[in-house]
Amino acid sequence: MYSMPLFRPPSEAGSLIVQVTEGCSHNKCRFCYAYKCKQFRVKSQKEIEEHVKWLKSYYYREPEKIFLADGNALCLKTERLIELLNYIKSEFPTARRISSYSGPLDLLNKSDEDLKLIREAGLELLYMGVESGSDKVLSMVQRGVNQQQMIDAGRKAIKAGFKFSCMIISGLGGTEYMEEHALESAKVISAINPHYFSLLRLIVEEESELAEDIRQGKLHLLTPLQVLDENIMMLENMELEDCIFRANHVSNYVSQAGTLNRDKDMLVARLKKFRDSGNFRPMGRDIL
Ligand code: SF4
């Protein structure tokens, strides 16, 4: 069975989720309540074998894609992760892709050689929540790393041969850091040039520390129009090559998809059209 709650990136909707760790080894981001109820831990081989047995009894088809949960399976020791990848491949031989979340510190703490070995062992796609490129915003939300570390981590993953996906949270800097968040995030994503870039919108969970900051007036949420202005500023300042861009999460006011920089002008023009017409998705709840 799974230890709940369980999360995966939207693009892993059809993947078999194999839970090799529980929680997040960082677990300090002020906007994130995902794993606050879980103590981070690495599962033993015996537990994983039982978990795989259970998955096989419930999963009705041979999986093509596997996602390793929870928050950052890449934090496992290199030898252990390779052992685990070999075990998972032998149990699910039809899987053609294995992916996981990766924290920037997980990447920075591993040598280039270790990352190459992990890649060769079958971990193909890594997701990293950059969240913001601004040092001020990263520090405010206690992301645990700064802008340069985020860039170094991303470049290191790509150099080791991983397919790499980065996420930014639109509105994370509030009105206080709106412009800085847009420009510095564009700078970091451009410097990494990931294979995939997703833009989500901040939805604050009631129990998160960020919700308390908002209640205390330390941070002010963007209006929908400000979110679109911020998105436009961010996209206009991105310099990317062959990066698949998605902003089609349920949180986004305007659903967007394209390849950057090729489709940049079209994506920006489309955002401006929706902003100026006011004809975008009705507001969801900003605080859950
Ligand atoms: S945002 Fe990611 S790194 Fe930060 S606490 Fe949540 S799961 Fe952990």
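Guide: What follows is a walk through the sheet, then a look at the cysteines and the ligand.

The model is predicted. Start with the overall layout. Eight strands form an open sheet, in the order β1-β4-β5-β6-β7-β8-β9-β10. The pairing is mixed. β1 (16-19) and β10 (256-260) stand at the edges. Each has a single partner strand, so one side of each is left without a neighbour in the sheet. From one strand to the next, the twist averages 20°.

Now go to β6, which covers residues 123-131. Is this strand mostly covered or mostly exposed? It is mostly covered: eight of its nine residues are buried.

β6 has β5 (residues 97-101) as one partner. The two run parallel, joined by four bridges. Look for Tyr101, which stands opposite Tyr127 in β6. β6 also pairs with β7, residues 163-170. Here six bridges join the strands, and they run parallel. Glu131 has Ile168 in β7 as its bridge partner.

Move on from β7 to β8, residues 196-201. Six bridges link these two strands, which run parallel.

Helix α10 (residues 264-277) lies across β9 (243-247) and β10. It runs at about 150° to β10.

Next, the cysteines. A disulfide is a covalent bond between the sulfur atoms of two cysteines. How many disulfides does a search of the whole structure find? The count is zero. Take Cys75 as a case. The closest cysteine sulfur to its own is in Cys24, at 8.4 Å. That is too far for a bond, because a disulfide needs the two sulfur atoms within 2.5 Å. Cys75 is partly exposed, with a relative accessible area of 26%. Cys32 also counts as partly exposed, at 23% relative accessibility.

Cys24 and Cys32 bring us to the ligand. Both are among the residues around it.

Technical notes. Residues numbered from 1 in each chain as written. Predicted model: local features only at pLDDT ≥ 70, side-chain atom pairs only at ≥ 80, totals over all residues. Heavy atoms only, no water. Buried < 20%, exposed > 50% of the residue type's maximum accessible area, 1.4 Å probe, protein only. Near = heavy atom within 4 Å. Pairing = 2+ DSSP bridges. Axes fitted to C-alpha atoms, helices over the stretch in contact; angles between N-to-C directions. Contact = heavy atoms within 4.5 Å.
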